[in-house]
Amino acid sequence: MPDTAPANLSAVDQAVITQALIAAAHEMGVKLIRSAHSTIVREAEDCSSAILDAKGNVVAQSELIPLQLGSIAHTFGPCAASFPIEDLVEGDFYITNDPYQGGQHLPDVFLFSPIFVDGRLLGFAATVAHHIDLGGGAPGLNPDATDVHQEGIVFPPSKWNLDRDWRNDGAFQRFVRANIRMPDHTIGDFEAQFAANQIGIERVRELCRRHGTGRVETAMDEMLNYAERRMRAALEAVPDGTYSGEDWLDDDGQGNGPLRIAAQVTVKGSDLTVTFDGTCDQVKTNMNNPFASTVGAALSVIKSALTAADLPFNSGCARAITIEAPEGSILNPRYPAPVRARLLPSYRVFNAVMKAIAQAAPEKVIATGFDTTYACCLSHLGPKGYNIYLEIFGGGYGAGPASDGCDAVDSPLSNCGNIPVESQDMSYPFFRVLDYSLVAGSGGDGAHRGGLGFQRSYEIVADGVTFAAYGDRFTTQPQGLFGGEPGGRASAWIERDGARIELKSKVHMPLKKGDRLVVRTGGGAGYGDPAKRSAALRERDRLHGYI
């Protein structure tokens, strides 16, 4: 059915097309993960996928990384502004990772492939993946960067053609390959993104052949309108007013801290505005948060706290929400500030906005979890080139009004899996994992207990290994709600020649053969008065070794 005229849809047809588009976005994510080369994508699933309409609005997305997708329309805009969509042809694609033009941090590279149906642009298939290395001043991540250019290649919003510039060792692919340390893995992950985008293109075309192009476009519009109606209905249930919350980062990696993140949430009818007045200024280290990341974090907490789980997250949800952050603050830095560790301030956005919402809707929120990322990078240069291990660690989830926090899971914004020890054994011969266990007692007490953090220990079995990391909650603690107690702190150390070397939360240093590196993540905070925790739950905690 090649018709292009707008058409009214029955509720059944709308549901069928809606679920087909969501399923297509999910299939794209599966294709990307199963085709990827690096463990950070193949195992940890640090990637996302989405389908956009012809105006760049997200209509469907995979359930992978909320922070990457929460602001994807914000990321798409500068691409279309630089290279108008009217000029696109079959095989073109947009690419960007520029933090100062709608991107997030440099490893997250966004690819947008146009979907043409009978010569007409219907939308875009989009993917983003965290690439293991994009050059810069150190393998995998550079904690010492003082500007964004020391963190890797910057792809400004730009347009290329798959056949002309990429395939068959095209000029753009050769450029990328020449500037990275693990070309087979990185180029392989780019190929996985292109393959996933192609899946999205084919699934949308199949829908158009079955239902008609005009009917698919109408369904896309209604998906956005439906999400807006649901979001506005949820906001109308929240009392009007301005509510405030704050949280703190330990420091900037150079001993300056703590760093304040302050949020104000104003509800007026069916509109909600988030501002961040009083937030600290941008810092000299890589702890700065590009504005797109601030938007993504704020949207994620509002959606998760105030709406039902069955509401698909698309651009329609954002129509009722305005987000602002002072220029020059850590949440909206000025170029060329480094931004590699942007997930840390993003989590404090999540925490501060959640605390503000708790004042208006206490039954809808959970206590603060570990809610940070410990990015652990071990690299080694051997006879065959660089080998880079990068993993994103979570910790304990915050407890809620009806349940304990989950143990040893990634935090809400990143949602990554762990890299199985067996996969690490196969991929990284320069270290081995000795211990992977829960940290007893790390969850905050309460009527409902915070989730436990975990510990992982590595034995370094080769010389010439470099360790780089950034984390948080080494000095500050996740705070409980309504009488719940704080979650436990994170820590890291090296055992060397019988001595224990304590590490700071941000570190870059060489390791020696025989070193034992131990990373311990923190727990989530408790919810409610500990005196109200049942004896049965306390006995279960004791039997399982949680306390």
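Reader: Where does the charged end of Arg181 sit?
Author: Over the ring of Tyr386, 5.7 Å from its centre. Bear in mind that this is a predicted model.

Reader: Which arginine lies over the face of Tyr436?
Author: Arg456, at 4.0 Å from the ring centre.

Reader: And rings with rings, how many aromatic pairs?
Author: A search of the whole structure gives 26. In one of them, Tyr374 with Phe474, the ring centres are 6.2 Å apart and the planes are at 15 degrees, so the pair is stacked.

Reader: Where in the chain are Tyr374 and Phe474?
Author: In distant parts, 100 residues apart. Tyr374 belongs to strand β11 (residues 374-382), while Phe474 is in the loop between β15 (465-470) and β16 (491-496).

Reader: Are Tyr374 and Phe474 buried or exposed?
Author: Tyr374 and Phe474 are both buried.

Reader: Which residues do ring pairs link into a cluster?
Author: Phe93, Phe155, Trp160, Trp166, Phe172, Phe190 and Phe194.

Reader: Changing topic. At what angle do α7 and α8 cross?
Author: Roughly 115 degrees, with the axes coming within 7 Å. Helix α7 covers residues 183-211 and α8 covers residues 213-236.

Reader: Which residues make that contact?
Author: Leu207, Cys208 and His211 from α7, and Thr213, Arg215 and Val216 from α8. By type, the contact of α7 with α8 has three nonpolar residues, two polar and one charged.

Reader: Backbone next. Where are there cis peptide bonds?
Author: One joins Gly257 and Pro258, with omega about 0 degrees. Pro258 is in the loop between β7 (241-249) and β8 (259-268). Another joins Tyr335 and Pro336, with omega about 5 degrees. Pro336 lies in the loop between β10 (321-323) and α10 (343-360).

Reader: What is phi of Asp371?
Author: Near 40 degrees, which is positive in a residue other than glycine. Asp371 is in the loop between α10 and β11. Its relative accessibility is 5%, so Asp371 counts as buried.

Reader: And Asp497, buried or exposed?
Author: Exposed, because its relative accessibility is 77%. Phi of Asp497 is positive too, near 55 degrees, and the residue is in the loop between β16 and β17 (499-502).

Reader: Last thing, the whole chain. How many helices and strands?
Author: Twelve helices and 19 strands. Of the 547 residues, 61% count as buried.

Reader: What is the radius of gyration?
Author: The chain has 23 Å; a compact globule with 547 residues would be near 24 Å, so the value agrees. The C-alpha trace spans about 75 × 60 × 45 Å along its principal axes.

Definitions and conventions
Residues are numbered from 1 along each chain as its sequence is written. This is a predicted model: local features need pLDDT of at least 70, side-chain atom pairs count only at pLDDT 80 or more; totals for chains, interfaces and linings use all residues. Side-chain values use heavy atoms; hydrogens and water are left out. Rings of Phe, Tyr and Trp (its six-membered ring) pair if their centres lie within 6.5 Å; planes under 30 degrees apart count as stacked, over 60 as edge-to-face and the rest as tilted. Helices (H or I, at least four residues) and strands (E, at least two) are DSSP runs, numbered from the N terminus. Buried means under 20% relative accessible area, exposed over 50%, partly exposed in between (1.4 Å probe, protein chains only). A charge sits over a ring if NZ of Lys or CZ of Arg is within 6 Å of the ring centre and within 35 degrees of the ring normal. Axes are lines fitted to C-alpha atoms, for helices over the stretch in contact, and angles run from 0 to 180 degrees between N-to-C directions. Contact means heavy atoms within 4.5 Å. Ala, Val, Leu, Ile, Met, Phe, Trp, Tyr, Cys and Pro count as nonpolar, Asp, Glu, Lys and Arg as charged, and the others, Gly among them, as polar. The radius of gyration is taken over C-alpha atoms; the globule rule is 2.2 Å times the number of residues to the power 0.38.
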